[in-house]
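This report describes the surroundings of a ligand and the packing of a nonpolar core. The sequence and the structure are shown first.

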Amino acid sequence: MGTALASTDKQVTELLDRLHEKYPDTTISLRFSNRLELLIAVILSAQCTDERVNSVTADLFEKYDGPAAYAEADQDELATDINSITYYNNKASYIRDACQQLLEEHDGEVPDTMAELTDLSGVGRKTANVVLQHGHDVVEGVVVDTHVQRLTRRLDLTEKSNPEAIERELMDTIPENEWQQLTHLYISHGRAVCTARNPDCKDCVLEDICPSSKVDNERDLASGEPWS
Ligand code: SF4
């Protein structure tokens with residue numbers, strides 16, 4: 001049918017129930033063994049796949065064993081170590097600067113507040129939310145990446161396109177105890193079924209409650225354009 005349920009609350013409850021059932025164990029797919037590794041992996045993951053980041057960090061985390069090692073690293077050498085990752089020159093520079101800040105302002109530790117994290121070089125609200133959630137068990141917001149952006153719009157839970165505006169709307173409509181898991185559910189569904197270019201609506205557990213479903217809707221609410 002492809003029609004949203006009558007109220008936003010009902011729509012949210014239903015879609016969360018179905019996605020939890022479909023992806024019961026979904027969680028962060030970046031690999032890390034401490035907060036610094038998490039911070040670096042998340043900085044590297046901007047506009048890059050987690051799979052690619054994991055393949056690079058396997059060696060990177062062996063070579064650099066703490067904030068001083070990154071802060072003192074030669075820019076060209078660090079950039080070469082991560083050169084299969086998008087924007088590797090900028091990211092090498094962010095990592096060196098952020099680690100210098102950790103040493104100078106935080107005794108070499110990764111801080112646990114949004115304000116302190118977003119003060120670090122290369123760290124925006126999305127990165128800070130991931131580090132807070134998975135490094136410190138603090139859930140202060142919703143991580144809005146490209147999948148969360150697309151699915152939230154397709155399911156008509158926002159008309160906004162700015163990630164921070166979408167985050168604010170999700171924080172208003174999604175129960176707080178689901179803020180963290182919503183991201184992982186959407187990422188899993190966005191990778192497996194509701195892909196950017198060719199979503200498999202016929203095989204989607206949300207088809208009957210999705211106002212973008214290609215089965216009987218003409219428009220993709222994520223892009224605002226007709227389905228091709
Ligand atoms: S795959 Fe299709 S039906 Fe499912 S959420 Fe995406 S757009 Fe909606």
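Leaving aside neighbours within four places in sequence, C210 is in contact with G2, R154, L155 and C204 (contact: C-beta atoms, placed from the backbone, within 7 Å). The model is predicted: local features need pLDDT of at least 70, side-chain atom pairs count only at pLDDT 80 or more, and totals for chains, interfaces and linings use all residues. Residues are numbered from 1 along each chain as its sequence is written.

C210 lies in the loop between α11 and β1, and C201 is found in the loop between α11 and β1 (219-220). Helices (H or I, at least four residues) and strands (E, at least two) are DSSP runs, numbered from the N terminus. A residue is buried if 20 or more other C-beta atoms lie within 10 Å of its own.

| Residue | C-beta neighbours inside 10 Å | Class |
|---|---|---|
| C201 | 20 | buried |
| C210 | 26 | buried |

UniProt, in an unreviewed entry, places the feature "binding site" at C194, C201, C204 and C210; such annotations may be inferred rather than shown by experiment. These positions spread over 17 residues of sequence, yet their largest C-alpha distance is 11.0 Å.

The ligand is surrounded by 13 residues, the closest being C194, P199, C201, C204 and C210 (near: C-beta atom, placed from the backbone, within 6 Å).

The largest nonpolar core has 51 residues, and L39, I43, I95 and V131 have the most contacts inside it. Such a core is a set of buried Ala, Val, Leu, Ile, Met, Phe, Trp, Tyr and Cys residues joined through C-beta atoms within 7 Å. The helix α2 gives the most to this core, with 8 residues.

Note on methods:
A residue is buried if 20 or more other C-beta atoms lie within 10 Å of its own, exposed if 12 or fewer, and partly exposed in between; C-beta atoms are placed from the backbone. Two residues are in contact if their C-beta atoms, placed from the backbone, lie within 7 Å.
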